[in-house]
Amino acid sequence: MPHVTGRHFLQIPGPSPVPDRVLRAMSQQVIDHRGPEFADLGLNALAAIKSIFKTQQDVIIYPSSGTGAWEAALANVLREGDRVLMYETGHFATLWKKMAEKLGIQAEFIGGDWRSGVDPAVIEEHLRKDSGHQIKAVCVVHNETSTGSTSPIAEVRRAIDNAGHPALLMVDTISGLGSVDFRFDEWGVDVAVSGSQKGLMLPPGISFNAVSRKALDAAAQGGTRRSYWDWKEMLDITGKGYFPIPPRPTCSTVWSMRSR
Ligand SMILES: Cc1ncc(COP(=O)(O)O)c(C=O)c1O
């Protein structure tokens, strides 16, 4: 075992090092997740996270890894047999596509070279061919952690609009959020998926879905049968600062956000 001097500094694409003040905040005793103190902290955290996504719309916090928030995004708006357009930017785009297929969603996968981000012109071309509007969502990875390539999300939105297509824009910004520019409202994103352990420098185990009004409407009319991931169930209670499940990791987020 080599002798390592100095402080351990984690240098991988994430999980990223957790600042001391966050670690200290997390060591506080668990509080009553149904008590008024938690509700205050919950409301603060839910308001604060919106500014990170640069949105005025709803953000849902899940006690899960980013993979859970991927599934939540798909399950709330898509049902078995629905078609989506996905783009092969690297390992994580490929995993998201595999997940979609496991859920019975038909994923059309635009091939990529694992060296560059998405080409919005190719997305536009595919959508123009879908004159019957069978494609329900365009799913892209903002920052492909496996390669470091970043995709131009605002241009993907423009491509969808130029094609006159109603598909939702769903974006995995798990390693993008807090690391590179991301603007949910300005860029017209419908669902953003993120996680705690990359740009936010929190421990793994907390994930996010930011959702537009259009995505919430789609969820009200469709999606897969769901319970734990259900946006409506979450939003009905998080509006008061609480969560439907005992949220130990969420407690930690709330504490650590307060410490910032
Ligand atoms: C871009 C991207 N998407 C999805 C995931 C999966 O998230 P998690 O490992 O938190 O389940 C990761 C994890 O590294 C990722 O970098």
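Because the model is predicted, local features need pLDDT of at least 70 and side-chain atom pairs count only at pLDDT 80 or more, while totals for chains, interfaces and linings use all residues. Residues are numbered from 1 along each chain as its sequence is written, and side-chain values use heavy atoms, leaving out hydrogens and water.

Let's start with the sheet. Its 7 strands form an open sheet in the order 1-9-8-7-4-2-3, with mixed pairing. Here strands (E, at least two residues) and helices (H or I, at least four) are DSSP runs numbered from the N terminus, and two strands pair if DSSP finds at least two bridges between them. Strand 1 and strand 3 (106–110) are the edge strands, each pairing on one side only. From one strand to the next, the twist averages 20°. Strand 2 (residues 83–87) and strand 4 (residues 135–141) are parallel partners over 4 bridges.

Next comes helix 8 (residues 231–238), whose buried residues are Trp-231, Met-234, Leu-235 and Thr-238. Seen down the helix axis, these fall within an arc of 95° (taken from the directions from the axis to the C-beta atoms), so they line one face of helix 8. Buried means under 20% relative accessible area, exposed over 50%, and partly exposed in between, with a 1.4 Å probe and protein chains only. The partners of that buried set include helix 2 (36–53), strand 1 (58–62) and strand 9 (207–211).

Trp-231 turns up again in the largest nonpolar core, which has 73 residues; Phe-53, Trp-96, Ile-123 and Trp-231 have the most contacts inside it. Such a core is a set of buried Ala, Val, Leu, Ile, Met, Phe, Trp, Tyr and Cys residues joined through side-chain atoms within 4.5 Å.

Now for the rings. Rings of Phe, Tyr and Trp (its six-membered ring) pair if their centres lie within 6.5 Å; planes under 30 degrees apart are stacked, over 60 edge-to-face, and the rest tilted.

| Pair | Centre distance | Plane angle | Type |
|---|---|---|---|
| Phe-53 and Phe-208 | 6.1 Å | 65° | edge-to-face |
| Tyr-228 and Trp-229 | 4.9 Å | 90° | edge-to-face |

Phe-53 lies in helix 2 and Phe-208 in strand 9, so their pair ties together parts 155 residues apart in sequence. Phe-53 is buried at 0% relative accessible area, and Phe-208 is buried at 0% as well. Tyr-228 is partly exposed at 38%, whereas Trp-229 is buried at 17%. Ring pairs also link Phe-53, Phe-182, Trp-187 and Phe-208 into a cluster.

Terms used: Contact means heavy atoms within 4.5 Å. Axes are lines fitted to C-alpha atoms, for helices over the stretch in contact, and angles run from 0 to 180 degrees between N-to-C directions.
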